[in-house]
Amino acid sequence: MVKIALAGNPNCGKTMLFNALTGSNQYVGNWAGVTVEAKEGRLKGESDVVIADLPGIYSLSPYTPEEIVSRNYLVNEEPDAILNIIDGTNLERNLYLTTQLCEIGIPVIMAINMIDIVRKNGDVINSEEISEHFGCVCFEISALKGTGVKKCAKKAVELARNNKGVPPVHHSFDDRVESAIHFISALLPDGTDMLHKRYYATKIFERDRLVVEDFGNFNDVESLIKDVEKYYDDDSESIIADQRYKYITSCIDECRTKSGKTPVSEKIDSIVTNKYLSLPIFALIMFGVYYLSVSTLGGSLAELIEAHIFGENGIPFIAESFLNKVACAPWLTSLIVDGIIAGVGAVLTFVPQIIVLFIFLSFLEDCGYMSRIAFIMDKLFRKFGLSGKSFIPILVGTGCGVPGIMSSRTIENVNERRMTIITTTFIPCGAKLPVIALIASALFGKAWWVAPSAYFIGIASIICSGILLKKTKLFSGEVSPFVMELPSYHMPTLKSVARATWDRTWSYIKKAGTIILLASCGVWFLSTFGFYGGKFGMVQHMDHSVLAYIGNFIRDIFIPLGFGTWQASVATLLGLAAKEEIVGVFGVLYDNIGEGFTALSGYSFLIFNLLCAPCVAAMSAIRREMNSVKWTAFAISYQCIFAYCTSLAVYQIALFITGGGMTMGTIAALIIITIFIFMLFRKPYKAKASK
C-alpha cells in the first residue's frame, strides 16, 4: 500500500485537491482551519494508493492541535511521498514549510496551486527554477479547475513507488549553524532513522519541546546552542527562521516575476474590509441571504411544494384515498397519513429554502468573502474576549453545528476554545431554518425581518455571552493573537457550489428519512393513544393522549415565555433529537399553527429554540471536544438558561409594551435585564498576584 500525504499551509487548497484525487466530498471552505484531523481516501483508479489530507500547518514546530496532528503523521506514519501544496499567490510564506518538509527525508513533490490566479494577476513563476533550488519535482496546478492535477498525482505515485528512502535535496544553513546541526546529529542514538536525523537535529537546535522530550538532553548541546546564539545575537529558533527566509527570498528573486499591478483582491478588500464599511456590508449581505432564502425566492418555492405535493390535494389526499379503497385499517391509515406524511412532509416542504440558503453560503465561502469576515470579526470579538478564530466555527456552524463545534480545535487557548464550543450553536444552522421559516410564514406573513433577525440574534448572543463569560474566573485571561492570510478572491465553479449545497441538503433530507420519520411515528402513536375511561387505547381527542400527558407535565416551565401549551412543550422537547423535528411535531399536532400561538409567543418560541441546547448529535460533539462531563453539563446548562432568560425578557417586556400590564413575569424580566447589564459592565475577574 502506497501512502501520499498532502501537506501545506492552511487554505492552500489541500482539501479541494484531495476531493479531486479521491472523489471524496470533504468539506471545503475558503479560510484556514477547515481540516482539523487527517482524512484518508483511495486515489481514483489506483486501489493501492492512499491519499492523506492533513490539517494546514505553517511549519513543523507545532503550536496548535491540528499542527501536532500533521507533524505526527509526517514523522511517525512515514508516508512514501509528500505532495506539498503551495499557494502560488503567496510563495514566501508557503515555501517556509517546504524547506522543513525537505529535511524530514521523505520524497517531496511540489504543487504550486492557484496558478490561474497567479497568471490572472500578471505574475510569472518559473517552476523549473524552483525544482532546481529545492531538488523536488515541481508542477503548476489549479485544484479548483483541475489543471495539472492528474499529471501531478501520477508523478507523486511514481516517486512514492520507485524512490522510497531517497530524500530530497535540502538547503544548507550558514557554516556555523550547519556545524552545530552535524554535531547534534552525530549524538543521536544509533537506532534513529537515518532519513530523519537532520530533521531531529535541527529541531533539537531549535529547542523544539516535543523532540527534546523524545531524545532527552545531550551533554554539551545546550552550551553549543548558546555559543551560536551569542554569535548571531538571537535565539536559536529565530536564527533558523531567518536563514530559511533568506534562502527563500534568494530563490524567489530568480523564480518569479511580478507584474507590478494591484491585484483585484486588494481593490475589493479596500471596500469590504474598510474600517467603517465592513460591518454594514456584512450585515447587508447576510440580511439579503436570509431574506431571499426564507421570505422571497426560497419561500415561494416552498409554497409551491406545500400546495401541490403536500397540500390537501397532494400526497396526503392520494394516500388516504388509496388506503381507504383497499380497506386498510383505520389506525394504519392514520399512521401513514397523519403521522408519517404529515410529519416528514412538513420537514421536506422547506427543502427549497434550505437549498437557496446553502447556495448563497457556499458561494460566499468559496469566493473568499467569508474569510474576510473572520478577519473583520476579530476586531469586534477581541473586545469581548474572543478572537477571529472563534468566528470560523460559527461560519461552519451555519451549515451544521457538529462540524462547527469540531472546528474549535484550531483555537489554541483552552478558555477561548471552551467559550467557542458553548456559543457556536447559537448561530442558526440548516436544521433551524425550517423553524424560522415556519414561524415567519405562519405567524408573520413572511415578514422580511423575521429570518435575518434570527441570524443576528445568534450573533448578538455570541457576543453577549463572550462578554459575560470572559469576566468570570473560569474564562478570564488574555485573548490569543489571531493571524490569518486572506485568500485571493475567485469566482467559484458551479461544481464546487453544487457539491457543497448538495452535501448539506442531502444531510437534511437523510434526517427526514430516518430520525424525523421515526420521531413522527412516535409522535403519532403517543398523540393517538392514551388512557381514557380507565382503559389504554386510541383516544378521540389528543388532549387525552400520552403525549398530552407528557406535555402538560412540563408546560408550566414555558408559560412565562408565552408558549405554555403541551404541543409547544413537546415540540421543544423533541427538538433536542433534531431541530427539524419541531416542524415535524407541528405537522402532526396542528392543523393551523396560528391556533396555538400569537405572533409574540411564536417569536419567543423561536428565540428559545434557536438558543437552547442543540440536537443530540451536536451535544455529543460538545462532549467529545470538551472531553469532560462537567464541562459538557456546564455548556448545555448555560445554553438552556441563556435561552430561557432571553426568551422570557423579550416576551414579557414586549407584552408589557403592547398593553399586557405589569405582572410577575414583567418584574422577572426586569430583574434579568438588570443582572445582565450589571454583568456586561462589571469589572473583569483578575487573579491575585502571588506573594
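Modeller: Let us begin with contact, which means heavy atoms within 4.5 Å. Please bear in mind that this is a predicted model.

Colleague: With which residues is Lys432 in contact, leaving aside its neighbours within four places in sequence?

Modeller: Under that condition, Lys432 is in contact with Thr425, Ile427, Lys579, Asn609 and Leu610. Lys432 itself lies in the loop between helix H21 (414-424) and helix H22 (433-444).

Colleague: Why does Lys432 count as buried?

Modeller: Buried means under 20% relative accessible area. Lys432 has 3% relative accessibility, so Lys432 counts as buried.

Colleague: What makes Cys136 a cysteine in no disulfide?

Modeller: A disulfide is a covalent bond between the sulfur atoms of two cysteines. Here the criterion is a pair of cysteine sulfur atoms within 2.5 Å, and the structure holds zero disulfides. For Cys136, the nearest cysteine sulfur is that of Cys102, 3.8 Å away, and Cys136 is in no disulfide. Cys136 is also buried, its relative accessible area being 4%. Cys615 is likewise in no disulfide, as the sulfur of Cys400, the nearest, is 6.4 Å away. With a relative accessible area of 12%, Cys615 is buried.

Colleague: Why are helices H13 and H23 called oblique to each other?

Modeller: Helix H13 (residues 278-295) and helix H23 (residues 450-470) pack at an angle of about 130 degrees, with their axes 8 Å apart. Angles of 65 to 115 degrees count as roughly perpendicular and those over 145 as roughly antiparallel, so an angle between these ranges is oblique. H13 and H23 are therefore oblique to each other. The crossing of H13 past H23 is right-handed. Among the residues that meet there are Phe282, Met286 and Tyr290 in H13, and Pro452 and Tyr455 in H23.

Colleague: What makes E2 and E7 the edges of the six-stranded sheet?

Modeller: The sheet is open, with mixed pairing and the order E2-E3-E1-E4-E5-E7. Strand E2 (39-42) and strand E7 (137-140) each have a single partner strand, so one side of each is left without a neighbour in the sheet. On average, neighbouring strands of this sheet are turned by 25 degrees against each other, direction ignored.

Colleague: How do you know that E4 and E5 are paired?

Modeller: Pairing requires at least two bridges. Strand E4 (residues 81-87) and strand E5 (residues 108-113) share six bridges, in the parallel sense. Ile86 stands opposite Ile112 in E5. Helix H3 (residues 91-104) packs on this sheet, touching strand E1 (2-8), E4 and E5.

How values were computed
Residues are numbered from 1 along each chain as its sequence is written. This is a predicted model: local features need pLDDT of at least 70, side-chain atom pairs count only at pLDDT 80 or more; totals for chains, interfaces and linings use all residues. Side-chain values use heavy atoms; hydrogens and water are left out. Helices (H or I, at least four residues) and strands (E, at least two) are DSSP runs, numbered from the N terminus. Axes are lines fitted to C-alpha atoms, for helices over the stretch in contact, and angles run from 0 to 180 degrees between N-to-C directions. Buried means under 20% relative accessible area, exposed over 50%, partly exposed in between (1.4 Å probe, protein chains only). Angles under 35 degrees count as roughly parallel, over 145 as roughly antiparallel, 65 to 115 as roughly perpendicular and the rest as oblique. A crossing is left-handed if the near helix is turned anticlockwise from the far one by less than a right angle, and right-handed if clockwise.
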